[in-house]
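My notes follow in the order I made them.

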Amino acid sequence: MKKIALCIPLAVILAAVWAFAAGDAGDPLASLSYLNGEFTRTVEQKTDQALDDSDETLRTQLENGTAANLASSWQETRLKEGDSLHGVTGTNILLLAGSGRVTYVEGAVIDATAGTVIPSGSALVVNHRYITAEDAAPVFTITSKTAVVDYQGQYSFTYSASPDYNAMASALKTLHLFKGTFTGYGEGFDLEAVPTRLQALIMFIRVLGEEQQALAWSGTTPFRDIQPGSQAEQYVGYAYEKGYTNGYTATSFKPAGAVNAYQYTEFVLRAMGYSSADNTDLSGTLDHAVISGVLTDREAAALKTEAFLRAQLVYISYYALDAQLPEDDWTLADTLMDLRVFTSGEWRQALKLVTTSRL
């Protein structure tokens, strides 16, 4: 019989013989050495039989259009808090960034990286590969604001109504305001990471509409921790010369130092004209942002208590674009369009990307 190999990933076969390898969830016999030894040999013996047994069912499902979504190779996606990936026997998932948990009623889920069976309700470990065992239908749910996952096998997604920081990052990228990092996954957005002082400064300069001027800057800075001749020096030197930043000390900028919600929001308020570098007391910055219409009460309250990540930096930046500037009826987006940072068409395109509500 000709086998529909494309429709049955190896993970399905692995899970189909899980019972021979791991016992039950209370008897975690699936050691890593076992998975790599006898388990693998068993898989090889069972592969042809499993393919033969499932061919007809799959062929019928494909003909009737009832087959579940199936990734025959590893796929990657960004998810937000409350989003879930639903798996069946053989579904593989790998959490690359963020946090999540798995729940299921029957069967088991194997942490193939550790060689153990994990109980329902367990938190997922970053860079661990999870395989759905026979007769299990687990739900992998994101518990962080954003996450990046790889998956393979049969799957379906359900999506929450949580704020979509991923979409906001894409919108800012469309507007040339956010370019991400060189991370090789998750579009380089790194929304799960703590933003650095240099990243916040670059974003501030972009929101000012002055990135091209910064990249054209040449000169020297007093900061010994900024590499001479680097692009970082252009951003920092330009901002220092313009009086946007005084550095961490007279001779250091601390480019890799962490930024908090107060510091970044202050940058945004300065870009909009609601504050200036003369303000050195940032204790009231978030409340000032509420009064200025940049943040809501609920957003300010959340920023005061939660860890500040690049996701929140994106959130503040995105919604600041629609806030009104002082002393006129223009918004920050209007100003940036007037400065030709982005076009009205790009602005409309960016707005369509974000379909969830604010906090």
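I began with Ser275, which I found in the loop between helix 9 (261-272) and helix 10 (285-291). Helices here are DSSP runs of H or I with at least four residues, numbered from the N terminus. The model is predicted, so local features need pLDDT of at least 70 and side-chain atom pairs count only at pLDDT 80 or more, while totals for chains, interfaces and linings use all residues. Residues are numbered from 1 along each chain as its sequence is written, and side-chain values use heavy atoms, with hydrogens and water left out.

Is Ser275 buried or exposed? Ser275 counts as buried because its relative accessibility is 17%; buried means under 20% relative accessible area, exposed over 50% and partly exposed in between, with a 1.4 Å probe and protein chains only.

Next I looked up what Ser275 touches. Leaving aside residues up to four places away in sequence, Ser275 touches Glu266, Leu269 and Arg270, where contact means heavy atoms within 4.5 Å. The side chains of Ser275 and Glu266 are joined by a polar contact of 2.5 Å. A polar contact is a pair of N or O atoms within 3.5 Å; within protein, one must be able to donate a hydrogen and the other to accept it, and residues adjacent in sequence count only if both atoms are side-chain atoms.

I then turned to backbone angles. Asp190, in the loop between helix 5 (165-174) and helix 6 (197-208), is not a glycine, yet its phi is positive, near 55°. Asp190 counts as buried, at 17% relative accessibility.

My last entry is Arg340, in the loop between helix 13 (332-338) and helix 14 (344-353). Arg340 has a positive phi of about 65° although it is not a glycine. Arg340 is exposed, because its relative accessible area is 76%.

Conventions:
Helices (H or I, at least four residues) and strands (E, at least two) are DSSP runs, numbered from the N terminus.
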